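Please read the points with the model open.

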Amino acid sequence: MFTLTALPQSASKQDLYASLAQQLTGLLHGEPDAIANAANMSALLYDLLPDLNWAGFYFMRGSGLVLGPFQGKVACVRIPVGRGVCGTAVERRESVLVPDVHAFPGHIACDSASRSELVVPLIKDGKVFGVLDLDSPHPERFDEEDRAGCEQLVRIYLDASDMAEGFSGV
Ligand code: SME
């Protein structure tokens, strides 16, 4: 059994992401299945990152994104590349940090409680295989430390996972 360790609320973001990186590395160790790893990573993030109302993945299938494993309320299934925050992160091939989703043109509201969002693309061997999407009910929940921390967590996920199995990369 894998037991997650929560940090006290007073912990710095640096300590929080160092702990998350260590725990995620252990959680995914020896498992190459990209779906299973996305499911466990979503659960870890939803459990241990404060103030989230959604944490999960969209994967590239054909020419667009399709909903993958997540924690939170039911979500929209298909997002075209270039649409919403998720499709924008694929198009730009870089993380997109949205302090206020109401100010982001084209934001797709899956949960009306969401107020800020961070989307990190899954880029491996030069191809985008999907995105990690984090939503918060608080405006300005995410900052540059969260972006860097989540990009590091995505690298751990991509190093562990075989993305060639069943996904299209663009
Ligand atoms: N807000 C996202 C859609 C996915 S949900 O937040 C889970 C977007 O604009 O792409």
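The points below cover the basis of the model, then the helices and their contacts.

1. This is a predicted model, in which local features need pLDDT of at least 70 and side-chain atom pairs count only at pLDDT 80 or more, while totals for chains, interfaces and linings use all residues. Residues are numbered from 1 along each chain as its sequence is written, and side-chain values use heavy atoms, with hydrogens and water left out.

2. Helices (DSSP runs of H or I, at least four residues) and strands (E, at least two) are numbered from the N terminus. Two packed helices are described by the angle between their axes and the distance between the axes. Axes are lines fitted to C-alpha atoms, for helices over the stretch in contact, and angles run from 0 to 180 degrees between N-to-C directions.

3. The axes of helix 1 and helix 2 come within 11 Å and cross at roughly 150 degrees. Helix 1 is therefore roughly antiparallel to helix 2 (the term applies to angles over 145 degrees). Contact means heavy atoms within 4.5 Å; here Leu 16, Leu 20, Gln 23, Leu 24, Leu 27 and Leu 28 of helix 1 meet Asn 37, Asn 40, Met 41, Leu 44 and Leu 48 of helix 2. This contact has eight nonpolar, three polar and no charged residues. Ala, Val, Leu, Ile, Met, Phe, Trp, Tyr, Cys and Pro count as nonpolar, Asp, Glu, Lys and Arg as charged, and the others, Gly among them, as polar.

4. Helix 2 (residues 34-48) also packs with helix 4 (residues 144-160), at about 155 degrees and with the axes 10 Å apart. That makes helix 2 roughly antiparallel to helix 4. Helix 2 contributes Ala 34, Asn 37, Ala 38, Met 41 and Leu 45 to the contact, and helix 4 contributes Leu 153, Val 154, Tyr 157 and Ala 160. By class, these are eight nonpolar, one polar and no charged.

5. Among the buried residues of helix 4 are Asp 146, Gly 149 and Cys 150 (buried means under 20% relative accessible area, with a 1.4 Å probe and protein chains only). The buried residues of helix 4 pack against helix 1, helix 2, strand 1, strand 5 and strand 6.

6. Helix 3 (residues 84-92) is mostly covered, with seven of its nine residues buried. Those residues are Gly 84, Val 85, Cys 86, Gly 87, Thr 88, Ala 89 and Val 90. Their packing partners are strand 1, strand 2, strand 3, strand 4, strand 5 and strand 6. Just after helix 3, Arg 93 has a positive phi of about 60 degrees.

Key
Parallel < 35°, antiparallel > 145°, perpendicular 65-115°, else oblique. Buried < 20%, exposed > 50% of the residue type's maximum accessible area, 1.4 Å probe, protein only.
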